[in-house]
Amino acid sequence: MIGAVALAIGLLLILAGLASARIPGGATFARPGIDPSQAVGEDSTGGRFAFARRAPNPIRAFVLSPIHPATWHANAAIVVGLFVGLAAFAIIGTLVSVGLTTLLALVGVGFIALAIEGSRLVARIERRRAFFGEPLRPTPHPYRPLRGGALNILRAEFADESRWRDVLYVAINLPLSVIEFFVAALVWIAALSLLTMPLWYDAVAGASLPAFLGPVAGHEPSVVAFRTALGAALLPVAASLSQLLIALHRGVIAGLLCTTESRELRRQVETLRESRSAVIDVEASELHRIERDLHDGAQQRLVMLTIDLGLASERIDTDPAAAK
């Protein structure tokens with residue numbers, strides 16, 4: 001019963017994580033803002049295990065998946081992700097809890113701001129962890145700069161969508177990381193245990209197995225061969241599952257912590273619109289200044305001309321030469 005409830009909760013968390021990758025800004029899994037100019041062709045990558053690189057043939061790729069470098073990278077990322085998720089959730093959660101407790105004293109604002117910036121640091125670590133060993137990496141989403149007056153800094157800190165995406169990711173990362181770790185560990189332990197049973201079970205007197213493995217607990221050559229073959233068959237399954245789990249996690253990171261092509265294009269359009277408005281305002285101000293200078297200069301000359309004409313009219317009878 002407990003296992004069924006845990007499995008249901010895990011599936012719901014995975015679905016929530018996958019859905020969150022498509023919520024903001026039209027993010028997609030297919031094109032998570034990765035710069036194609038950074039691509040490195042896999043065919044050009046040599047090395048001892050170059051033959052195990054991803055191949056168009058799915059059967060060959062599946063069979064060779066246990067020795068594929070992507071499997072090692074995925075397993076390392078899953079293990080590191082568990083510790084990062086635990087540490088990040090504990091630290092950020094503590095800061096948020098202290099901040100909410102002391103919010104009325106205005107001290108909590110600083111703790112909450114520290115938690116937000118800590119989430120930003122976690123997001124940077126997670127982008128590197130999840131895409132470790134990959135030739136293509138997504139572009140991090142932009143943050144509002146913390147500069148200007150106090151009001152601008154507060155607005156950038158607490159009204160920045162990208163920072164709150166980081167906080168949301170820290171909240172859902174822990175359950176996702178725990179599920180990924182235990183699912184991958186369970187399959188890998190099962191595969192390696194079955195594959196190495198002739199060494200630690202068949203060759204050791206008095207070794208025992210769990211009761212549910214009764215049909216395959218014998219030491220007959222056929223049973224030993226069957227267990228070994230089953231373990232060997234589970235190896236590519238475990239390797240492929242590790243790659244699948246980290247690929248799903250990359251989808252969550254791409255949607256929450258990275259920018260997409262459409263979102264980046266909208267940001268550039270908005271930047272161009274703001275710069276265009278600024279240029280238009282500067283041009284209008286300069287034109288107004290020129291018009292004011294022209295108007296004021298002509299008006300001054302007209303006033304001086306009026307004064308000169310008045311002086312001339314006063315002297316025209318008494319001193320015609322001076323008036324002229």
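View 1. The axes of helix H3 (residues 69-101) and helix H4 (residues 108-130) cross at roughly 170° and come within 8 Å of each other. H3 is therefore roughly antiparallel to H4 (angles over 145 degrees count as such). Axes are lines fitted to C-alpha atoms over the stretch in contact, with angles from 0 to 180 degrees between N-to-C directions; helices are DSSP runs of H or I with at least four residues. H3 contributes residues including Ala77, Val84, Ile92 and Leu100 to the contact, and H4 contributes residues including Phe111, Leu114, Val122 and Arg129 (contact: heavy atoms within 4.5 Å). By class, the contact residues comprise 16 nonpolar, five polar and two charged, Gly being counted as polar.

**View 2. The one aromatic pair of the structure.** Phe181 and Phe182 are arranged edge-to-face, 5.4 Å centre to centre with 85° between the planes (ring centres within 6.5 Å, planes over 60 degrees apart). Phe181 counts as partly exposed because its relative accessibility is 23%, while Phe182, at 53%, counts as exposed (buried is under 20%, exposed over 50%, partly exposed in between, with a 1.4 Å probe and protein chains only).

**View 3. Arginines over aromatic rings.** Arg120 lies over the face of Tyr143, 4.1 Å from the ring centre. The charged end of Arg250 sits over the Phe131 ring, at 5.7 Å from its centre. For Arg, the criterion is CZ within 6 Å of the ring centre and within 35 degrees of the ring normal.

**Notes.** Residues are numbered from 1 along each chain as its sequence is written, and side-chain values use heavy atoms, without hydrogens and water. In this predicted model, local features need pLDDT of at least 70 and side-chain atom pairs count only at pLDDT 80 or more, whereas totals for chains, interfaces and linings use all residues.

Key: Helix = DSSP H or I, 4+ residues; strand = E, 2+ residues; numbered from the N terminus. Parallel < 35°, antiparallel > 145°, perpendicular 65-115°, else oblique. Phe/Tyr/Trp six-rings, centres within 6.5 Å; stacked < 30°, edge-to-face > 60°.
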